[in-house]
Amino acid sequence: MPCLNGKAAVIRLIDRWKGGSGIEQERKAALARLMEEYGDSLYRLCILLLHDPHLAEDAVQDTMLKAWRGLEHFAARSGEKTWLTRIAVNVCRDYRRLYWYRKRLDGEALLEHIPAPPDAEPQDDEVLRQVLALAPKYREPVLLYYWQEMTVQEIAALLREKENTVSTRLRRARAQLREKLKGWDDDG
């Protein structure tokens, strides 16, 4: 379970960053709780956005560090999950902007490393392949809606888009997927 290893690594980084002994136990406990509760979900999202399990681990760690630094500024205008997901999406966007990232994508290798959600049944990965092939403006809302189980309103707040824009992108993505997957689930 990569995020639990990531949890220990982030706490060690924070200890070094803060000088170790002076770290506030409440903040450390809050971060540990956030990582325990949302770490695996953020990891899956980062894999889907970055197409690389190792880079996704780094992105989750960066997300938690940013959350740690901003913990006292969290105003609870949105839920914790929305706040952390927004940070993770922005970290992944920053990674994707980097030149070295754009030169090293291997989409087929990605599918071997995506952990299934705890309650998921084994299934054909063709739908996921097609979702990952969507343009980012369609892929992000689909991943957030279906894989992160966020509402249109939460996605709009996270992406800083209007709800109608998110709904339109979801509708267009569904249409593209319907066309690409035509005949995919036929038995005969």
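Trainee: What is the mean pLDDT of the protein chain?

Mentor: The mean is 76, and 69% of the residues reach 70 or more. Helix α6 (residues 107-113) has the lowest confidence, at a mean of 48, while α10 has the highest, at 94.

Trainee: Which contacts does the model have for residues 1-5 and how many are there beyond four places in sequence?

Mentor: There are nine such contacts for residues 1-5, but pLDDT stays under 50 over that stretch. Residues 105-111 also stay under 50, and the model has twelve contacts beyond four places in sequence for them. Where pLDDT is low, the predicted coordinates should not be read in detail.

Trainee: Why is Val91 called buried?

Mentor: Buried means under 20% relative accessible area. Val91 has 3%, so Val91 is buried. This residue lies in helix α4.

Trainee: What is Val91 in contact with, leaving aside its neighbours within four places in sequence?

Mentor: Val91 is in contact with Ala59, Asp62, Thr63 and Lys66. Contact means heavy atoms within 4.5 Å. Ala59 in turn touches Cys46, Leu50, Val91, Cys92 and Tyr95, again not counting residues up to four places away in sequence.

Trainee: Which residues have the most contacts inside the largest nonpolar core?

Mentor: They are Leu42, Cys46, Ala59, Trp83, Leu84, Val89 and Leu144, in a core of 47 residues. Helices α2, α3 (53-70), α4, α7 (126-133), α8, α9 (152-159) and α10 (163-180) each supply at least two residues of this core. The most come from α2, which gives twelve.

Trainee: Why does Gln130 count as buried?

Mentor: The relative accessible area of Gln130 is 16%, and the cut-off is under 20%, so Gln130 is buried. Gln130 is found in helix α7. Not counting residues up to four places away in sequence, Gln130 touches Leu177, Lys180 and Leu181.

Trainee: What makes the phi of His51 worth a remark?

Mentor: Most residues other than glycine have a negative phi. His51 is not a glycine, yet its phi is positive, about 65 degrees. His51 is found in the loop between α2 and α3.

Trainee: Where is Glu149 found, and is Glu149 buried or exposed?

Mentor: Glu149 is found in the loop between α8 and α9. Exposed means over 50% relative accessible area; Glu149 is at 65% and therefore counts as exposed. Phi of Glu149 is also positive, near 55 degrees. By contrast, His51 is at 15% relative accessibility, under the 20% limit, and so counts as buried.

Trainee: Which residues are buried in helix α8?

Mentor: In α8 (residues 136-147), Tyr138, Arg139, Glu140, Pro141, Val142, Leu143 and Leu144 are buried.

Trainee: How many cavities of 30 Å³ or more are there?

Mentor: The count is two.

Methods. Residues numbered from 1 in each chain as written. Predicted model: local features only at pLDDT ≥ 70, side-chain atom pairs only at ≥ 80, totals over all residues. Heavy atoms only, no water. 1 Å grid on protein atoms, 1.4 Å probe; cavity = no way out; pocket = protein on both sides within 12 Å on 5 of 7 lines; lining within 4 Å. Points joined across faces, edges and corners; volume = space filled by probe spheres on them. Helix = DSSP H or I, 4+ residues; strand = E, 2+ residues; numbered from the N terminus. Buried < 20%, exposed > 50% of the residue type's maximum accessible area, 1.4 Å probe, protein only. Core = buried A, V, L, I, M, F, W, Y, C linked by side-chain atoms within 4.5 Å. pLDDT = per-residue confidence, 0-100.
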